[in-house]
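Colleague: Could you walk me through how to read this one? I would like to go from the overall layout down to single side chains.

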Amino acid sequence: SQQYMKQQQMRNNEYFCPICRSPAQEVMPLPDIKQEPRLWFQFLDVNKSGHIDQNTVVQALEAMMPIDTENLHEALAAGCCSNWMQDGTVSELK
């Protein structure tokens, strides 16, 4: 967002989450989901619960690809990914 970029220009050594605006110690690139799917999952599973909520998955995919977020939410609600998403969360495959 423009607000985030403006904030970053003013404070070169301070980082904030672009979604919740919480302070962050560092910035890291999101792993490539095609090359490192397990690392991608673990990167998003910030509390190490083994689960990621649907909104986090959608936001991460939206950040990486030109997708229609509304259509993706509708497809998920219709059960298009029911084999790996249950109760609005994605679980890590063992």
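Predicted model: local features only at pLDDT ≥ 70, side-chain atom pairs only at ≥ 80, totals over all residues.

Colleague: What share of the protein's residues counts as buried?

Modeller: Of the 94 residues, 23% are buried. The accessible surface comes to about 7300 Å², and carbon and sulfur atoms account for 52% of that. For contacts along the chain, take those between residues at least 6 apart in sequence: 36% of them join residues at least 24 apart.

Colleague: Let's look at a helix. Which residues of α2 are buried?

Modeller: Start with the general idea: an α-helix has 3.6 residues a turn, so residues three or four places apart point the same way. Now the case here: in α2, residues 37-44, the buried ones are Trp-40, Phe-41 and Leu-44. They lie on the same side of α2 because they span an arc of only 95 degrees around its axis.

Colleague: Against which elements do those buried residues pack?

Modeller: Their partners are β3 (51-53), α3 (54-64) and β5 (89-91). Phe-41 shows this residue by residue: leaving aside residues up to four places away in sequence, Phe-41 touches Gly-50, His-51, Ile-52, Val-90, Ser-91 and Glu-92.

Colleague: Which residues make up the largest nonpolar core?

Modeller: In general, nonpolar side chains in soluble globular proteins tend to be buried together. The largest nonpolar core here has eight residues: Trp-40, Phe-41, Leu-44, Ile-52, Val-57, Ala-60, Leu-61 and Val-90. The elements giving two or more residues to this core are α2 and α3.

Colleague: Let me pick Leu-61. Where is Leu-61 found, and what does it touch?

Modeller: Leu-61 sits in helix α3. With a relative accessible area of 16%, Leu-61 falls under the 20% cut-off and therefore counts as buried. Beyond residues up to four places away in sequence, Leu-61 touches Ile-33, Trp-40, Ile-67 and Leu-72. Ile-33 is 28 residues from Leu-61 along the chain, yet their C-alpha atoms are separated by 9.0 Å.

Notes: Residues numbered from 1 in each chain as written. Heavy atoms only, no water. Buried < 20%, exposed > 50% of the residue type's maximum accessible area, 1.4 Å probe, protein only. Contact = heavy atoms within 4.5 Å. Areas by Shrake-Rupley, 256 points an atom, 1.4 Å probe, with all protein chains shown as cover. Helix = DSSP H or I, 4+ residues; strand = E, 2+ residues; numbered from the N terminus. Arc of directions from axis to C-beta. Core = buried A, V, L, I, M, F, W, Y, C linked by side-chain atoms within 4.5 Å.
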